[in-house]
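User: I'm new to this one and would like to learn how to read it. Could you walk me through it feature by feature?

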Amino acid sequence: DLERLRQYSAMLDETNEALLQRMEELYQSVKAKSLYLSVVPAARVAEKAAERFRHKYPEGRIEVQAPEDVKILADTVHLAEALYNLLTNGWEAIVMAGCTGPDRTVRLRIYNERLYTVIEVADQGPGILQEEQKRIFEPFYSSKNSNQNWGMGLYYVRQIVKSHLGHLRVESKKGQGTRFLILLPRYAARSTGADVLLE
């Protein structure tokens, strides 16, 4: 069927164009290092990420625990984009696993722990095999069989976290869900009212 072939060809062209545009945006963002760090409430970053997530997945369920008094040094736009990527991955893992009830929720928690402010994104999806955990941050690596997943999300997240002087960790076991932990240097207010980095 020639007409159907034309339709598929047009869809393929559109998908390729979107892929190239998205890759260029990610490349420029990471390479240009055009991040502007300022002291912001961590809850604001979480709110922006959750808002974007709900726009893509209106039926998606996320639970956010972000105290208003926790501040971080961050580029709100870029860090929120990184969190959005983690939330999206978590939700897609939950859907793939067929979770129901309370397990059908991605959890985003922010808390202070020793020298770090921890941003944790956890899901009860199928988990990630140990051998895959070593590769998930590589560009273009993806375990998802989909035209919409190009394997750049976690690579981007890691680059953004590094640009925030932080660390990104993954904890996962097959069949037991996954936790991504962003560890950012913790801030505290001096008696003068200025914010300082705790090292």
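User: Let's start simple: what percentage of the 199 residues in the protein is buried?

Analyst: First, some ground rules: this is a predicted model, where local features need pLDDT of at least 70, side-chain atom pairs count only at pLDDT 80 or more, and totals for chains, interfaces and linings use all residues. Residues are numbered from 1 along each chain as its sequence is written, and side-chain values use heavy atoms, with hydrogens and water left out. Now the general idea: buried means under 20% relative accessible area, exposed means over 50%, and partly exposed is in between (1.4 Å probe, protein chains only). Here, buried residues make up 41% of the 199.

User: How many helices and strands does the protein have?

Analyst: Helices (H or I, at least four residues) and strands (E, at least two) are DSSP runs, numbered from the N terminus. This protein has five helices and nine strands. Reading from the N terminus, you get α-β-α-β-β-α-β-β-α-α-β-β-β-β.

User: Which residues have the most contacts inside the largest nonpolar core?

Analyst: A nonpolar core is a set of buried Ala, Val, Leu, Ile, Met, Phe, Trp, Tyr and Cys residues joined through side-chain atoms within 4.5 Å. The largest one here has 42 residues, and Ile-72, Leu-79, Leu-83, Leu-87, Ile-119, Phe-180 and Ile-182 have the most contacts inside it. Several elements each supply at least two of its residues, including helix H2 (42-56), helix H3 (76-97) and strand S7 (178-185). H3 gives the most, with nine residues.

User: And where is Glu-51?

Analyst: Glu-51 sits in helix H2. Its relative accessibility is 55%, so Glu-51 counts as exposed. Along the chain Glu-51 is 33 residues from Tyr-84, yet their C-alpha atoms are separated by 8.8 Å.

User: Where is Arg-114, and what is its phi?

Analyst: Look in the loop between S4 and S5 for Arg-114. Its phi is near 55 degrees, a positive value in a residue other than glycine. Arg-114 counts as exposed because its relative accessibility is 75%.

User: What about Leu-165: buried or exposed?

Analyst: Exposed, because Leu-165 has 51% relative accessibility. You'll find Leu-165 in the loop between H5 and S6. Leu-165 isn't a glycine either, although its phi is positive, at about 65 degrees.

User: Last one: where is Asp-69?

Analyst: Asp-69 is in the loop between strand S2 (62-65) and strand S3 (71-74).
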